[in-house]
Protein chains: 2
Amino acid sequence: MGRPIRTRRQATLASLAAELGVSRTTVSNAYNRPDQLSPELRKRVLDTARKLGYPGPDPVARSLRTRKAGAIGLLLTENLSYAFRDPAALGVLEGLALACEDAGVGVQLVPARPGEEDVATVHRAGVDGFVVYSVPDDDPHLNAVLQRPVPTVIIDQPVLSGVDRVAPDDAAAMTTLAYHLIELGHREIGVLCMRLSRDRNDGFASRDRQEKAHYHVQRTRLTTLAESFEAVGVDWSTVPVVERFEHTLDEGASAARQLLDANPQVTAIICTSDILALGALNEAQRRGLRVPADLSITGFDGIADAERAELTTVYQPVREKGRSAGNLLLDPTRRGQGNPLNQQIITLETELRIGKTSAPPRTAEQHWFGP
Amino acid sequence: MGRPIRTRRQATLASLAAELGVSRTTVSNAYNRPDQLSPELRKRVLDTARKLGYPGPDPVARSLRTRKAGAIGLLLTENLSYAFRDPAALGVLEGLALACEDAGVGVQLVPARPGEEDVATVHRAGVDGFVVYSVPDDDPHLNAVLQRPVPTVIIDQPVLSGVDRVAPDDAAAMTTLAYHLIELGHREIGVLCMRLSRDRNDGFASRDRQEKAHYHVQRTRLTTLAESFEAVGVDWSTVPVVERFEHTLDEGASAARQLLDANPQVTAIICTSDILALGALNEAQRRGLRVPADLSITGFDGIADAERAELTTVYQPVREKGRSAGNLLLDPTRRGQGNPLNQQIITLETELRIGKTSAPPRTAEQHWFGP
DNA sequence: CTGAAAGCGCTAACAG
DNA sequence: CTGTTAGCGCTTTCAG
């Protein structure tokens with residue numbers, strides 16, 4: 001028999017059908033609807049398939065026909081190395097993967113390089129929907145996703161008309177945290193935050209920069225903080241806010257160093273993430289500052305390491321964020337998306353977790369509002 | 001104009017061409033080969049596209065035509081929650097993602113539920129290749145992947161004829177580690193290992209079970225260990241090996257507890273992963289055992305937390321594993337895969353890292369082989 | 001620079 | 001239970 005030996009993918013559903021002398025439908029049914037043909041015939045089909053080296057229906061062709069790719073795309077901020085090191089981001093990814101796994105749907109990480117205009121990757125992704133997580137609100141990739149005629153869920157992004165959204169109430173959470181510190185008596189504070197925009201600025205962030213930040217979460221946390229403290233008479237323009245582009249313990253430490261060098265009077269450092277706070281903790285220790293006696297430090301996110309360190313922080317259910325987003329996307333009852341009237345906004349609960357890194361400042365009198 | 005308002009995806013390349021009065025080729029070129037038509041015409045095409053709500057060429061149809069999906073599939077062991085919590089697995093994922101990002105290719109996490117025979121997810125994944133990482137060697141999903149007519153790279157799996165493979169030399173690494181302990185004088189040892197097969201067995205693992213383990217890495221590490229110690233007169237059948245299905249610090253601790261309760265005489269616990277070792281460290285501390293004075297503990301992998309704890313361990317470049325696998329898959333010069341003669345086997349370097357958790361046993365004389 | 005022709009490989013009615 | 005008929009939406013020679 002002169003059949004080619006190693007020319008893969010020479011066999012196709014049609015050629016198999018021809019070889020067998022049956023119709024394409026029958027072969028298709030052998031794979032997709034076993035109940036639609038006799039077991040014997042099915043066996044014959046499958047056996048011949050094996051003999052011919054036919055690997056089963058081509059997934060892409062099937063997707064084109066059925067209009068289902070069997071995967072959803074995940075658009076993450078910038079370099080993946082960051083995403084894979086950040087526990088909060090990982091939690092989201094895990095939650096999403098779990099939801100998709102339950103539905104037998106794949107999760108495709110769509111490469112989205114920062115600077116490049118290679119929005120093409122978004123256009124080329126064969127997926128049934130997108131989840132967009134924590135990208136700057138002016139990211140061209142986000143725009144490209146919105147262009148695609150598939151349902152999209154955004155996580156931790158500003159509300160967009162007609163687009164489902166999952167996020168905690170960052171503003172409320174931050175307000176609660178702020179008042180925790182305010183009630184303890186802190187008025188001289190400093191802030192550490194993550195990158196505010198796509199351009200790198202490792203150092204103090206002006207109020208203008210804070211308000212114009214393109215990372216929605218950071219912007220919200222900062223402006224909420226400002227409002228809370230201004231409500232009790234603190235002039236926000238005097239509050240030092242140090243920004244870091246990279247999100248690591250070391251950068252948190254160096255940011256704290258920069259902050260404390262310039263503002264030794266601060267009694268509390270509020271960080272917009274646990275990672276930064278943990279780094280700040282290291283720096284405090286290095287300087288011989290006792291926490292919380294000499295300095296209070298707070299985080300945000302509630303990652304495992306924070307709990308271990310008994311950090312005062314805001315816990316947010318990161319895994320739940322991913323899972324909700326996945327469920328929203330996969331929910332078969334929610335057809336007709338893109339319709340503003342049918343938009344879902346899911347707000348997740350957060351929880352202030354008071355650890356051992358916050359206490360009244362040494363010199364200030366306390367302001368108790370309670371009994 | 002009676003155009004439907006919200007019936008998404010009504011516009012197609014063909015309808016756009018018709019509307020414009022040009023050929024489909026021209027429209028296609030407007031998107032894929034801008035240099036093949038005048039800027040004016042291109043602009044007109046794009047403008048009309050926007051007006052008609054045409055979102056650009058359909059990715060799936062394009063994939064069918066070009067025979068390129070623009071993504072590679074990743075088959076991971078079992079539940080993702082495990083993969084996303086294990087630093088070694090994450091390193092692999094990160095490395096792979098990095099390599100793919102550089103090539104503008106997506107990474108699709110293919111859901112592969114443990115027990116289920118839902119190999120369908122593998123058959124349905126529209127990808128240009130697969131990376132398989134650390135699944136049991138009898139996993140049906142692996143088989144399904146091998147069936148697909150696309151290139152595949154396996155990581156940390158037994159060598160398979162004609163399939164590219166990336167892995168460290170686990171045997172050599174474990175031998176080196178074993179001799180480190182042997183030279184220190186340890187003869188009474190115990191072992192903690194990860195799951196050996198798909199069936200759960202939290203407890204002692206018989207030698208038979210060790211040798212028949214379906215997780216290649218675990219099997220290799222254990223059998224190598226056995227050989228090394230038998231070479232210096234230790235009867236391996238007397239060496240307690242405790243297995244754990246879940247891979248967490250707590251399970252490591254509980255495994256150590258089980259081991260030490262039954263075998264208080266051991267002077268060293270060798271763990272097949274850092275996580276287990278770190279858990280064992282916790283348990284030692286809980287019992288008031290000093291490490292390494294009273295008990296030596298070693299890990300395997302070289303994750304960040306191990307370094308922080310100054311654990312004696314074997315470092316392996318996990319990120320590099322993922323990256324090499326990705327590069328192998330994406331290398332355009334390596335066509336004609338599946339050919340045994342063209343098979344690539346990449347062996348990664350490992351490094352014994354002696355930390356502060358290994359020292360001579362208290363009571364034994366030391367056996368120096370050196371000067 | 002543009003168009004016509006020819007499928008990529010498959011599934012989904014709808015009849016028989 | 002099986003076959004016929006029609007595309008899914010796109011790219012790509014190859015001529016003009």
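A salt bridge here is a side-chain nitrogen of Lys or Arg within 4 Å of a carboxyl oxygen of Asp or Glu.

**View 1. Salt bridges between chain A and chain B**. This is a predicted model, in which local features need pLDDT of at least 70, side-chain atom pairs count only at pLDDT 80 or more, and totals for chains, interfaces and linings use all residues. Chain A and chain B share 4 salt bridges. One of them joins A:Arg85 to B:Glu94. Their closest N and O atoms lie 2.9 Å apart.

**View 2. The contact between chain A and chain B**. Contact means heavy atoms within 4.5 Å. Chain A contributes 51 residues and chain B 52 residues. About 4300 Å² is buried between the chains. Carbon and sulfur atoms give 57% of that area. Buried area is the accessible area (1.4 Å probe) lost by two parts on being put together, summed over both.

**View 3. The side of chain A that touches chain B**. Its residues divide into 21 nonpolar, 15 polar and 15 charged. Nonpolar means Ala, Val, Leu, Ile, Met, Phe, Trp, Tyr, Cys and Pro; charged means Asp, Glu, Lys and Arg; the others, Gly among them, are polar.

View 4. Strands (E, at least two residues) are DSSP runs, numbered from the N terminus. Pairing requires at least two DSSP bridges between the strands. A:Val107 has B:Leu109 as its bridge partner in β2(B).

Residues are numbered from 1 along each chain as its sequence is written, chains are lettered from A in the order in which they are written, and side-chain values use heavy atoms, without hydrogens and water.

Key:
Helix = DSSP H or I, 4+ residues; strand = E, 2+ residues; numbered from the N terminus.
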